[in-house]
Amino acid sequence: MPNGLARSRYADNTAHTASPQRLLTMLYDRLIGDLAVAEAAMRTNDHASVGSRIQHAQDILLELWASLDTAAWPEGEGLKALYLWMVNELNSSRLPPQPERILTVRELLEPLRDTWKQAMTLEASSTTPSPVG
């Protein structure tokens, strides 16, 4: 099996078997990675990469926006608004090319991702059974 196909199957299997918390952090990782590539591509005038990476990042942001249950977590309204602002900011970054706007979005996402990872770690440690004896 070629390496690319094996890698693709591994990523697909990982996404399908991941917990919702792990899937969330995986989406953030991919989103931040897409934005890093888009920003670098914009600085080198690689328009095809800019377009595909920004589009993918916006798809992830809209999925995060749609899946955020503000009925269960009313405080999430601010986060939903931030996701939509980011989608619009990425649109605005393209014409004229403004890589610093992509950087701004990425710099806002990194602490959010880190916070979700910390929450996932805390949740895992709080559900770990205490040793008996």
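Tutor: Let's begin with α3 and α4, which cross in a left-handed way. This is a predicted model, so please read everything below as a description of that prediction. The axes of α3 and helix α4, which covers residues 77–92, lie 9 Å apart, and the angle between them is about 165°. An angle over 145° counts as roughly antiparallel, and α3 and α4 are therefore roughly antiparallel to each other.

Which residues of α3 and α4 meet? From α3 come I54, A57, Q58, L61, L62, L64 and W65, and from α4 come K80, Y83, L84, M86, V87, L90 and N91. Sorted by class, this contact of α3 with α4 has 11 nonpolar, two polar and one charged residues.

Now stay with α3 itself. The buried residues of α3 are V50, G51, I54, A57, Q58, I60, L61 and L64. They pack against α2, α4 and α5. If you look back at the α4 contact, you will find I54, A57, Q58, L61 and L64 there too.

Helix α2 spans residues 20–43 and helix α3 spans residues 47–67; their axes come within 8 Å and cross at roughly 150°. That makes α2 roughly antiparallel to α3. The crossing of α2 past α3 is left-handed. On the α2 side, the residues taking part are L24, L27, Y28, R30, L31, G33, D34, L35, V37, A38, A41 and M42. On the α3 side they are S49, V50, R53, I54, H56, A57, I60, L61 and L64. The contact of α2 with α3 divides by class into 15 nonpolar, three polar and three charged residues.

The loop between α2 and α3 holds N45. Its phi is near 60°, a positive value in a residue other than glycine. Is N45 buried or exposed? N45 is exposed, with a relative accessible area of 53%.

L79, L82, W85, M86, E89, L90 and S92 of α4 meet R101, I102, T104, V105, L108, L109, L112 and W116 of α5. Of the residues in this contact, 11 are nonpolar, two polar and two charged. M86 and L90 of α4 touch α5 here, and M86 and L90 also take part in the contact with α3.

The loop between α4 and α5 contains P96. The peptide bond leading from L95 into P96 is cis, with omega near -10°.

Helix α5 takes in residues 99–126, which is 28 residues, and reaches 41 Å from its first C-alpha to its last, close to the 40 Å expected at 1.5 Å a residue. Within α5, the buried residues are P99, I102, V105, R106, L109 and R113. Their cover includes α2, α3 and α4.

L24 is found in helix α2, and L24 touches L64 and W116, leaving aside residues up to four places away in sequence. L64 belongs to the α3 side of the contact with α2, while W116 is among the α5 residues that meet α4. L24 and R113 are 89 residues apart in sequence, yet 8.6 Å apart in space, C-alpha to C-alpha.

Finally, step back to the whole chain. It has five helices and zero strands, following the pattern α-α-α-α-α along the sequence. Buried residues make up 28% of its 133 residues. Among contacts between residues at least 6 apart in sequence, 58% join residues at least 24 apart.

Technical notes
Residues are numbered from 1 along each chain as its sequence is written. This is a predicted model: local features need pLDDT of at least 70, side-chain atom pairs count only at pLDDT 80 or more; totals for chains, interfaces and linings use all residues. Side-chain values use heavy atoms; hydrogens and water are left out. Axes are lines fitted to C-alpha atoms, for helices over the stretch in contact, and angles run from 0 to 180 degrees between N-to-C directions. Helices (H or I, at least four residues) and strands (E, at least two) are DSSP runs, numbered from the N terminus. Angles under 35 degrees count as roughly parallel, over 145 as roughly antiparallel, 65 to 115 as roughly perpendicular and the rest as oblique. A crossing is left-handed if the near helix is turned anticlockwise from the far one by less than a right angle, and right-handed if clockwise. Contact means heavy atoms within 4.5 Å. Ala, Val, Leu, Ile, Met, Phe, Trp, Tyr, Cys and Pro count as nonpolar, Asp, Glu, Lys and Arg as charged, and the others, Gly among them, as polar. The expected span of a helix is 1.5 Å times one less than its number of residues. Buried means under 20% relative accessible area, exposed over 50%, partly exposed in between (1.4 Å probe, protein chains only).
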